[in-house]
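User: I'd like to go through this structure step by step. Can you help me read it?

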Amino acid sequence: MKRKVLQPVLLNIIIIALFGWAVFPLYMAQIQFAEIMKNPEPPWEVTFQFTPVFIFFLICTPIAYYLYKRNKKKHKGFWRALMLPPELEEADEREQYVTAKACRTSYITMYITAPVATSLLLLYPLVQDSFSYYPVIVILLIPLSQMLAYFISLNKNM
Amino acid sequence: MLKNRVKELRARLSLTQEQLAVEVGVTRQTIASIEKGDYVPSLLLGIKICTVFGEAMENIFWVEGEDER
């Protein structure tokens, strides 16, 4: 049972971490583009590191496909399998109850992490030059903490 | 606390947890949780279990302890 719950959570954490890594070069390119917009006189150039994006698609495509196949067994129908998170356990009333409790825990976690993350963004002007992708990390910490809270609650009540 | 005789009655009918779970339309883990007293079943599930065992509700489920009132 623990593996059944842990596996999709771990895979989703890997996807989020790789997504964050893939967003860094896009974010850096956007910063360069913003500089160009301030002074559009040529010559200008935008450098973009493609490796993280490539690795993201390389690793996450099979993971997403695996989670979709797994989800299709659990939630009947294409759209349900595509849109519903694989962590939702809803096979019977007890699983629905446990999932509801875990969602409650996750919602409470959001209540705490959202203002904390917003407060952490106040530090951004101080670290902007040395740590320009700081907001990406802070924002991605919100779903990560929610997923962990969901998993801990589900694991405890399963 | 809700007590029950599900395990005893299941053994009497030589049913496995899996078989009872299929009969009442839940997972095996749910039957295990009910037997251990970790999960309080819904009224509908309780009635389904009573139907399988052919017993009245009060003969299978009863309240014991501080919640009894």
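User: How many residue pairs are in polar contact between chain B and chain A?

Analyst: Keep in mind that this is a predicted model. A pair of N or O atoms has to sit within 3.5 Å to count here, and both residues need pLDDT 80 or more. Between chain B and chain A, that gives a count of five.

User: And how many salt bridges does the rule find across that interface?

Analyst: Let's start with the side of chain B that touches chain A: it has four nonpolar and six polar residues, but no charged ones. The number of salt bridges between chain B and chain A is zero.

User: Which residues of chain B lose the most area to chain A?

Analyst: The area buried between the two chains is about 650 Å², with carbon and sulfur atoms giving 52% of it. On the chain B side, three residues together make up 59% of what is buried. They are B:T27, B:Q29 and B:Y39.

User: Which helix gives the largest share of the side of chain B that touches chain A?

Analyst: Ten residues of chain B are in contact with seven of chain A. Three residues on the chain B side come from one helix, residues 28-36. That's helix α3.

User: Where does the largest share of the nonpolar surface patch come from?

Analyst: This patch covers about 820 Å² and includes A:Y107, A:I108 and A:L126. A:I108 lies in a helix of chain A, and that helix, residues 93-120, supplies six of the patch residues. It's helix α4.

Methods. Residues are numbered from 1 along each chain as its sequence is written. Chains are lettered from A and ligands numbered from 1 in the order in which they are written. This is a predicted model: local features need pLDDT of at least 70, side-chain atom pairs count only at pLDDT 80 or more; totals for chains, interfaces and linings use all residues. Side-chain values use heavy atoms; hydrogens and water are left out. Contact means heavy atoms within 4.5 Å. Buried area is the accessible area (1.4 Å probe) that two parts lose on being put together, summed over both. A salt bridge is a side-chain nitrogen of Lys or Arg within 4 Å of a carboxyl oxygen of Asp or Glu. A polar contact is a pair of N or O atoms within 3.5 Å; within protein, one must be able to donate a hydrogen and the other to accept it, and residues adjacent in sequence count only if both atoms are side-chain atoms. Helices (H or I, at least four residues) and strands (E, at least two) are DSSP runs, numbered from the N terminus. Ala, Val, Leu, Ile, Met, Phe, Trp, Tyr, Cys and Pro count as nonpolar, Asp, Glu, Lys and Arg as charged, and the others, Gly among them, as polar. Patches are made of residues with over 30% relative accessible area and no salt bridge: like charges are joined within 9 Å, nonpolar side chains (Val, Leu, Ile, Met, Phe, Trp, Tyr) within 5 Å. Accessible areas come from the Shrake-Rupley method with a 1.4 Å probe; for residues, only the protein chains shown count as cover.
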